[in-house]
Every structure is written in structure tokens, then in C-alpha cells.
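Okay, thanks everyone, let's get going.

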Amino acid sequence: MHEPFLPHCSYCTRFLRPFAIGSPLEEWGFCSAQNGGTLPPADMLERLEVAARAGDFAPVLGFPGLFPEGDDGCEAFSPL
């Protein structure tokens, strides 16, 4: 049988998606294989979302471990 899809973060059990649908960061998240399975505190995530809603993505781009879901795949990929 062939793989049903290419490795993509949105199809990985390790991709932690902390932002709600409708958020400008809804496709951003963390990899539990890279961050020990924990998310930053809710107030930090809220500050990132407020900045993104204001059009300021500098804090988002500079936040350690936060990245947009991608289709590059990685060695930690674990299909849903």
C-alpha cells in the first residue's frame, strides 16, 4: 500500500496547534518532539496572537519553536 499523503505537519500527531480557527496564527504551532510536549503559557500565546492581529509578525517569527505547518516533512513525523 502506498502512503495516503506526504508528511505534513497538519497530519502529524506531534504538531501542537494552540491557536483557534479564525486566528491569524491558526496554522502555526509547535512540535512536541522538539519542545518536550508542552506549550508556552497562555498569556504568551495571547500576546503573540494580539501582535499578529495587529499585523506585527516580528514577535511570532522570533518566538522559539513556533512555526507554520509545512509540507517539508521531518524525521519526527508520526501520521495521525
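I'll go from the overall picture to the sheet, then the core, and finish with a few single residues.

Some housekeeping before that. This is a predicted model, so to speak of local features we need pLDDT of at least 70, and side-chain atom pairs count only at pLDDT 80 or more, while totals for chains, interfaces and linings use all residues. Residues are numbered from 1 along each chain as its sequence is written, and side-chain values use heavy atoms, with hydrogens and water left out.

The protein has three helices and three strands, where helices (H or I, at least four residues) and strands (E, at least two) are DSSP runs numbered from the N terminus. Reading from the N terminus, the order is β-β-α-α-α-β. The C-alpha trace spans about 45 × 25 × 20 Å along its principal axes.

Of the 80 residues, 29% are buried. Buried here is under 20% relative accessible area, exposed is over 50%, and partly exposed is in between, with a 1.4 Å probe and protein chains only. Now contacts, meaning heavy atoms within 4.5 Å: take those between residues at least 6 apart in sequence, and 61% of them join residues at least 24 apart.

On charge, we have 4 positive and 11 negative side chains, and the centres of the two sets are 6 Å apart. Lys and Arg count as positive, Asp and Glu as negative, and His and the chain ends are not counted. Each charge is placed at NZ of Lys, CZ of Arg, CG of Asp or CD of Glu.

On to the sheet. The three strands form an open sheet, in the order β1-β2-β3, with antiparallel pairing. β1 (15-16) and β3 (67-68) are at the edges with a single partner strand each, so one side of each has no neighbour in the sheet. For pairing, DSSP has to find at least two bridges between two strands.

β1 and β2 pair antiparallel over two bridges, and F15 has C31 in β2 as its bridge partner. Two bridges also join β2, residues 28-31, to β3. There, G29 has F67 as its bridge partner, and W28 stands opposite P68.

Next, the core: which residues make up the largest nonpolar one? There are 11, namely L16, F19, L25, W28, F30, L45, L48, A52, V60, F63 and L66. By nonpolar core I mean buried Ala, Val, Leu, Ile, Met, Phe, Trp, Tyr and Cys residues joined through side-chain atoms within 4.5 Å. β2 and α2 (42-53) each supply at least two residues of this core, and α2 gives the most, with three.

Take L25 as one example. Leaving aside neighbours within four places in sequence, L25 is in contact with F19, L48, E49, A52, F57 and V60.

Last, two single residues. Q34 is in helix α1, residues 32-35. Is Q34 buried or exposed? Exposed, because its relative accessibility is 59%. From Q34 to L80 is 46 residues in sequence and 18 Å in space, C-alpha to C-alpha.

G70 is in the segment after β3, and at 23% relative accessibility G70 counts as partly exposed. Beyond its neighbours within four places in sequence, G70 is in contact with P7, H8 and C9. G70 and G22 are 48 residues apart in sequence and 18 Å apart in space, again C-alpha to C-alpha.

That's my tour, over to you.
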